[in-house]
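Please prepare a briefing on the structure shown below.

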2 protein chains.
Amino acid sequence: MSTNHITSAGIDFGGTSVKIGLCRGPEIIATAERIPTEEHDGPSSLLDAIVASLKELEIEHGEIFSIGIGVPGLVEADTGFIHGLTNVPGWDNYPLRRILIEKTGLPVVVENDANAMAYAEWKYGAGQDKNNIVALTLGTGVGGGVIINGKPLRGATGTAGEVGQMSIDFQGKVGNYGTHGALEKYMGNQEIAEHAIVKYADIGEAKKVKDCSPRRIAEAAQGGDEIARQIWGDVASWLGTALSSIVWVINPEAIIIGGGIAKAGDLLFDPLKQKLASQLSTVTWNGTDVLPAHFGNEAGIIGSAALAAEEVTQVPAS
Amino acid sequence: MSTNHITSAGIDFGGTSVKIGLCRGPEIIATAERIPTEEHDGPSSLLDAIVASLKELEIEHGEIFSIGIGVPGLVEADTGFIHGLTNVPGWDNYPLRRILIEKTGLPVVVENDANAMAYAEWKYGAGQDKNNIVALTLGTGVGGGVIINGKPLRGATGTAGEVGQMSIDFQGKVGNYGTHGALEKYMGNQEIAEHAIVKYADIGEAKKVKDCSPRRIAEAAQGGDEIARQIWGDVASWLGTALSSIVWVINPEAIIIGGGIAKAGDLLFDPLKQKLASQLSTVTWNGTDVLPAHFGNEAGIIGSAALAAEEVTQVPAS
């Protein structure tokens, strides 16, 4: 059933600011001013600001039927309690769903932010016609969300889809949670820059971090720099290793890749596809689409709102 | 709804023989004589023998309501076509489901054998009270099945759950389908034996393959052999690396481990749990049960029959 006529609010709760949009289906029909998290001293004050924004949006754009909020941390699916938000202290073990329902009287969905982004891609983006997808965001770290039969896979403790913590080397670099060879420790923005500095140093060329941002390396590769091209090959090898493990276990119809590093385009996607083709059986590889993400930064708002729209059981006449 | 009153046939289609049992719920109420695959010259003859066995069982034990068959290869979920059976030539692109329905007039479920085993563990075994589990069989190779919300995860091309092909080292040994660091290339029976021979040679002790079967290594470890204990530590490190990747992506409530190598018991499970605890966040590890399989060789029959029982929509009065 289409929910495209339902107006829902999507809230993207980031480490530095909260972004709010009103959506109908994939369209963001209005956005509120960003709310900087640091201006608020804890959950109660910040949530009051969010609710005030929602009320303003409602006055201007009509009734909001439900609210979805994507958070950078663990979500207990049943209760909507949240834990361990990245870069946002003071929210541990917080009953976000209950409090937002109390403050608004509306149905509320709380979801991990990467799952919300994956849902946006599944529902309206690059994964629209698929049952099962895995969506990644490549940036400071590696985020991921898994959609199985059209629903975000949350898992036993809300940590499903943490692709950045997958191991690509049982003797490798140690990730934030102790995993040897955690993918994120190889291909976060910072780690790619460090790898590049070493590679250039090997040929006697001194580079600094700002010369080695993924964007600069992409520009260098496009300009014919052989080392820069090799770096993208290395990134593809690391990422392809983790993705082949995902395919062997989940066998999704599509892997959808977004975030800053994905902007390298073919420089990343071409060697990545080659790597996957070499790591999978022909049948499996032929059944796996590797696609750039359709949405950019707005995926969190759209996905959260889309999940919220699903919660509206009393569908008003369209 | 319980299906324990429905009599279904479970067929475990192995590389050397076909095993058939009649089940009600987790109970195998009767088994037929094993049918050696090599005695039959292709699908038609073998299927006739299977159908004859089923008819005999039915005469002796009453009506069979449905048939489930687990095969060692790829299964197209919608059509029941099978592909690439391990060690069984002549079945490629074979419409197994349709042919068995034609020959018996009964509902037929065709499933990958590891998925059928995982389903048995979920429905009646170690994973009974869980939504999502991953079940492994450790033997010649590493087989696996994933159950999500009580259903086998088949994936886009029927290759979900191929845990043995997951990578634990992006520069590692190459698996059967080209994956660098494929888990199976480290901890199949044969590979463990080869690893043991090298480890003993390093201390000047010559060993042969027959001294280094997983059972012998377990006996040696139990007898206080330090090298043997280290070998189990290595196995736990390899397996734990792949399992931590599974947990980071799927976050199942339980990982269930069976097969010959799992018979090492605490020698394997203790270091494996230590490894997983060190590779996962506390919340995630606390939410992950690591359990020995409840069923042994009979899991394939029970799981296939259980899947078949679910297909009986006209449930007879119990």
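In this predicted model, Asn93(B) lies in the loop between strand E7 (82-83) and helix H2 (96-104) of chain B; helices (H or I, at least four residues) and strands (E, at least two) are DSSP runs, numbered from the N terminus. Asn93(B) is not a glycine, although its phi is positive, at about 55 degrees. Residues are numbered from 1 along each chain as its sequence is written, chains are lettered from A and ligands numbered from 1 in the order in which they are written. Local features need pLDDT of at least 70, side-chain atom pairs count only at pLDDT 80 or more, totals for chains, interfaces and linings use all residues, and side-chain values use heavy atoms, with hydrogens and water left out.

**Loop residues with positive phi**

- Asn93(B) has a relative accessible area of 46% and is therefore partly exposed; buried means under 20% relative accessible area, exposed over 50%, and partly exposed in between (1.4 Å probe, protein chains only).
- Asn149(B), a residue other than glycine, also has a positive phi, near 50 degrees.
- The loop that holds Asn149(B) runs between strand E10 (142-148) and strand E11 (151-152) of chain B.
- With a relative accessible area of 58%, Asn149(B) is exposed.

**Buried residues of chain B**

- Ile64(B) is found in the loop between helix H1 (43-61) and strand E5 (66-71) of chain B, and its relative accessibility of 2% makes Ile64(B) buried.
- Not counting residues up to four places away in sequence, Ile64(B) touches Thr7(B), Ser8(B), Ala9(B), Leu22(B), Leu54(B), Glu58(B) and Leu106(B); contact means heavy atoms within 4.5 Å.
- Ile64(B) and Arg97(B) are 33 residues apart along the chain, and their C-alpha atoms are separated by 17 Å.
- Val109(B) belongs to strand E8 (residues 108-112) of chain B and is buried, with a relative accessible area of 9%.
- Beyond its neighbours within four places in sequence, Val109(B) is in contact with residues including Ile67(B), Gly68(B), Ile69(B) and Leu307(B).
- Between Val109(B) and Ser66(B), 43 residues apart in sequence, the C-alpha to C-alpha distance is 8.2 Å.
- Glu184(B), in helix H4 (residues 184-187) of chain B, counts as buried at 18% relative accessibility.
- The C-alpha atoms of Glu184(B) and Val142(B) are separated by 5.5 Å, with the two residues 42 apart along the chain.
- Leaving out residues up to four places away in sequence, Glu184(B) touches Gly141(B), Val142(B), Gly164(B), Gln165(B), Asn176(B) and Glu191(B).

**Helix packing**

- Two packed helices are described by the angle between their axes and the distance between the axes.
- In chain B, helix H3 (residues 113-124) packs against helix H10 (residues 299-311) at an angle of about 75 degrees, with their axes 7 Å apart; axes are lines fitted to C-alpha atoms, for helices over the stretch in contact, and angles run from 0 to 180 degrees between N-to-C directions.
- H3(B) is therefore roughly perpendicular to H10(B); angles of 65 to 115 degrees count as roughly perpendicular, under 35 as roughly parallel, over 145 as roughly antiparallel and the rest as oblique.
- Residues in this contact include Ala116(B), Met117(B) and Tyr119(B) of H3(B) and Ile302(B), Ala306(B) and Leu307(B) of H10(B).
- The contact of H3(B) with H10(B) has nine nonpolar, three polar and two charged residues; Ala, Val, Leu, Ile, Met, Phe, Trp, Tyr, Cys and Pro count as nonpolar, Asp, Glu, Lys and Arg as charged, and the others, Gly among them, as polar.
- Across the two chains, the axes of H7(A) and helix H7 (residues 226-250) of chain B come within 11 Å and cross at roughly 75 degrees, so H7(A) is roughly perpendicular to H7(B).
- Ile246(A), Val249(A) and Ile250(A) of H7(A) meet Ile246(B), Val249(B) and Ile250(B) of H7(B), a contact of six nonpolar, no polar and no charged residues.

**The two copies**
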